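Colleague: I'm new to reading structures. Could you walk me through this one?

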Amino acid sequence: MTADRGAQHPPAAGEGRPPAGAIAVQDRYADDFAWCYGCGRHNPAGLGLKTHWDGEGTVTRFRPRPEHMAVPGYVYGGLIASLIDCHSMATASLALYHRDGHRLGDPEPVPRCVTASLQVDYLRPTPLGPELVVRGRVVELGARKAVVESELYANGVLCARGRVVAVPAPPTMTGASPGQGEG
Ligand SMILES: CCCCCCCC(=O)SCCNC(=O)CCNC(=O)[C@H](O)C(C)(C)COP(=O)(O)OP(=O)(O)OC[C@H]1O[C@@H](n2cnc3c(N)ncnc32)[C@H](O)[C@@H]1OP(=O)(O)O
């Protein structure tokens, strides 16, 4: 295991923050694909994650709430996985959108990806309190998948790293009404 346990994210806190009103990837998912607990704009009980392009890569910011604790003072690992998951899906979707010649703000919806594989390394405990910053980049873009690596920082310190395989959402995953499901 060669995880870099000492890595610091060079940019100062606040750098890369999008201007107020900037369009997020999740703002441009089609309505049928905007219900995700992590990042669906139509899910009032969800986390409401928003991912922006900052010129070199993607960034998602989220301040965990007290109920997101693992033990007092530290963030629950499942929440960290969710942040990396939704951030990476948005990063993959944006890469596909760019490959199709679009830019955020174009009228066409951003294509939706689902998680085929989610691998998270927890490098150090993540403090509960500061805003968390997730940065991602596409390391492989194929015809049927994108592989994204994302890093999660607290106070500029790298706390977790994820590698995620994203695949375009199968058509079978749309068409149900919210609240409707099997089982
Ligand atoms: C509806 C949108 C909501 C989005 C919410 C945000 C993210 C989520 O929480 S999604 C929910 C959790 N995820 C799911 O439920 C997905 C369930 N799984 C599936 O539906 C399918 O397995 C699916 C679509 C991911 C892949 O289907 P499959 O038929 O295997 O795709 P396929 O075309 O063969 O594979 C595409 C590529 O992905 C790769 N791949 C597929 N599965 C995996 C995997 N588990 N690990 C690694 N790579 C994989 C394949 O190897 C292939 O790569 P390549 O093109 O290099 O050969």
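This is a predicted model: local features need pLDDT of at least 70, side-chain atom pairs count only at pLDDT 80 or more; totals for chains, interfaces and linings use all residues.

Colleague: Which residues are closest to the ligand, and how many surround it?

Modeller: The idea is to list the residues around the molecule. Here 19 residues surround the ligand, and the closest are V114, A116, S117, R144 and K145.

Colleague: Which element supplies the largest share of that shell?

Modeller: Look at where the shell residues sit along the chain. β3 gives the largest share, with 4 residues. At least two shell residues each come from α1 (77–99), β3 (113–122) and β6 (157–168).

Colleague: And how do the shell residues divide into nonpolar, polar and charged?

Modeller: Sort them by residue type: 12 are nonpolar, 3 are polar and 4 are charged.

Colleague: What does UniProt list for residues 73–155?

Modeller: That's a record to read alongside the model. An unreviewed UniProt entry lists "domain: Thioesterase" for residues 73–155. In the model, this span is 28% helix and 35% strand, and its end C-alpha atoms lie 14 Å apart.

Colleague: Which residues is Y76 in contact with, leaving aside its neighbours within four places in sequence?

Modeller: Those are H68, M69 and A70. As for P64, 12 residues away along the chain, its C-alpha atom is separated from that of Y76 by 9.3 Å.

Notes:
Residues are numbered from 1 along each chain as its sequence is written. A residue is near a molecule or strand if its C-beta atom, placed from the backbone, lies within 6 Å of it. Ala, Val, Leu, Ile, Met, Phe, Trp, Tyr, Cys and Pro count as nonpolar, Asp, Glu, Lys and Arg as charged, and the others, Gly among them, as polar. UniProt positions are given in the numbering used here, feature names are shortened, and annotations may be inferred rather than shown by experiment. Two residues are in contact if their C-beta atoms, placed from the backbone, lie within 7 Å.
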